Amino acid sequence: MQSSKKPSSGKGVLKIIPLGGLGEVGKNMTVYEYEDDIIIIDIGFNFPDGDMLGIDYLIPDISYLQDKKDKIRGVLITHGHEDHVGGIPYIMNQINAPIYAPKLTCGLIEAKASEHPHLRHLKLNVIDPDKDKIKLGAFEVEWFRVTHSIPDAVGIVLNTPVGRVVYTGDFRFDHSPVDGKKTDISKLSKLGDEGVLALLSDSTNSEIPGFSISEKTIADTFDSIFEKAKGRIIVASFASQINRIQLVINAANKHHRKIAFSGRSLLRNIEVAVRLGYLKIPQGLAIKVQDIGNYPANKVVVMSTGSQGEAMAALSRMARGEHKQIKIGKGDTVVYSSSPIPGNESAITAVVDDLFRRGAEVIFDEKNGSRTHVTGHPGQEELKLMMELLRPKYLVPWHGEIHHLIHHAQLAQSIGIPEENTPILDIGDVLEITKDKAIKSDKKVQNGVVLVDGLGIGDVGEIVLRDRKVMATEGMFIVICTVDKKTGRLLTSPDIISRGFIYMRENEQLVNNARGEVKKMMIRRDGEPLPDWTKMKLKIRDHVSQYLYSHTKRSPMVISVIIEV
Ligand SMILES: [Zn+2]
Ligand SMILES: [Zn+2]
């Protein structure tokens, strides 16, 4: 692969620009740009590292799109996992384009959006991946079904003026999927026969040999766990693992246990999935979590969130003894039906230990050779199968950390795709594709993360608790601005008070620079109308938080105060 020395004029060039999801697993978002038309695939979020207390989510930086918003013809979503849809409530206020996705994905997006009252009305369009073909500017879009750990997952085909580009989305080949929907092999092979210029494919498990294991195998494990358990069973998984939830429901039904669900996001997703027909709960099986006390322990299953050790999730509250309805004790069996997302291991271990302390039996993945979780991503043989079906000229490894991408590229080379046709991209890179070349540009577009602090979302109890934790571990940083009531101008230099964050005398420069940042934000031109001070306060808080984080890698609680005199 060559690198271009000159920036291209853009005529007749398809640009593929990842704004997230490469060099990481999370916050997927990709821009496809052909002359005056742009489409976006997926808008996900990522969870912050343990050292970013007080920050709820990380979303992609979309500065690149700021002056191109009128070119955006549509947003295509591959499936309902948070790393593909989580950023929508925060980013779609800035993008006024229709969203296209299959039925369940649209339902999950709609339910999520309803919890964000300030989000503009989303133009959601349900597509049928088996039939639909639509035109969005220079792009003709088609879809194909893929098996993943959530129903209605799709891959996307973009027929562009330079050729056909296929993005697999998250996928696997499972010949007995829980929802009966298999990856559409016949459509893939037809697309391959017609010709594929570039394939962007899921690299998450490119280092794992062989085929992934069928989701159905978990059913057997659940069976034997349910058989043996003497008391309550608590199964923890992700709120969006709809297929897994179905397996737990099936096991509860078979073993004559009632099932209760704990966790707000879990309840929300279940409501949508049941309403749209993607989840089947036999009549009378589900009970409210506050009613589990009315049933003997061996007649109850609780499904909960918190498999990643998230401090506020239901399972973590149970482990700390803070869950209102569920007190964990001897005889309880807790089953983890998920694998740890890298970075969450120590938080998970802490929860597991607390559960053991309370006397529960805790079952991890593959303990005693049993399997309580399988991956939703393709192993090496499945990746090869995808390449063999589509026979692309270029294989561009997608969705993964750099080592995943490189191993995926090597796999492609092992089946005959030349190395120069397997470009490795990182976030912000631009892949320029013409009819006969694919070149990684020397220039990157602006990229990075935007921190989302979900204040105002969730209940007060959670916020207070979180604030306390932030102050305890990261300290606080207070900015006080005194402004003239009439002109809105600063009367004095902003005052800064800091506790537990830095020693101010030794960090004079940082404090002065932060003060300078605030001053810049407060500059007012003659005749400019007075700003909305509430919004201004939030803007100062966000800006100072990001400034401090980028310079210290710490996230103290930032409080901004504006006093009008
Ligand atoms: Zn996924
Ligand atoms: Zn994903």
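A contact here means heavy atoms within 4.5 Å. This model is predicted: local features need pLDDT of at least 70, side-chain atom pairs count only at pLDDT 80 or more, and totals for chains, interfaces and linings use all residues. Residues are numbered from 1 along each chain as its sequence is written, chains are lettered from A and ligands numbered from 1 in written order, and side-chain values use heavy atoms, leaving out hydrogens and water.

**Exercise 1.** Find the surroundings of asparagine 269.

*Solution.* Start with helix α7 (residues 264-275), where asparagine 269 is found; helices (H or I, at least four residues) are DSSP runs numbered from the N terminus, as are strands (E, at least two). Next, leave out residues up to four places away in sequence: asparagine 269 then touches Leu108, Ala239, Ser240 and Ile242. Finally, asparagine 269 counts as buried because its relative accessibility is 7%, buried being under 20% relative accessible area (1.4 Å probe, protein chains only).

**Exercise 2.** Identify the protein donors of the zinc ion (ligand 1).

*Solution.* Look for donors, meaning N, O and S atoms within 2.8 Å of the metal (3.2 Å for Na, K and Ca); water is not among the atoms, so sites may look incomplete. His79 (NE2), His81 (ND1), His148 (NE2) and Asp170 (OD) lie 2.2 to 2.3 Å from this zinc ion. Along the chain, their spacing reads H-x1-H-x66-H-x21-D. Now turn to the zinc ion (ligand 2): the two zinc ions are 3.5 Å apart, and aspartate 170 coordinates both. To finish, check burial: histidine 79 and aspartate 170 are both buried.

Conventions
Buried means under 20% relative accessible area, exposed over 50%, partly exposed in between (1.4 Å probe, protein chains only).
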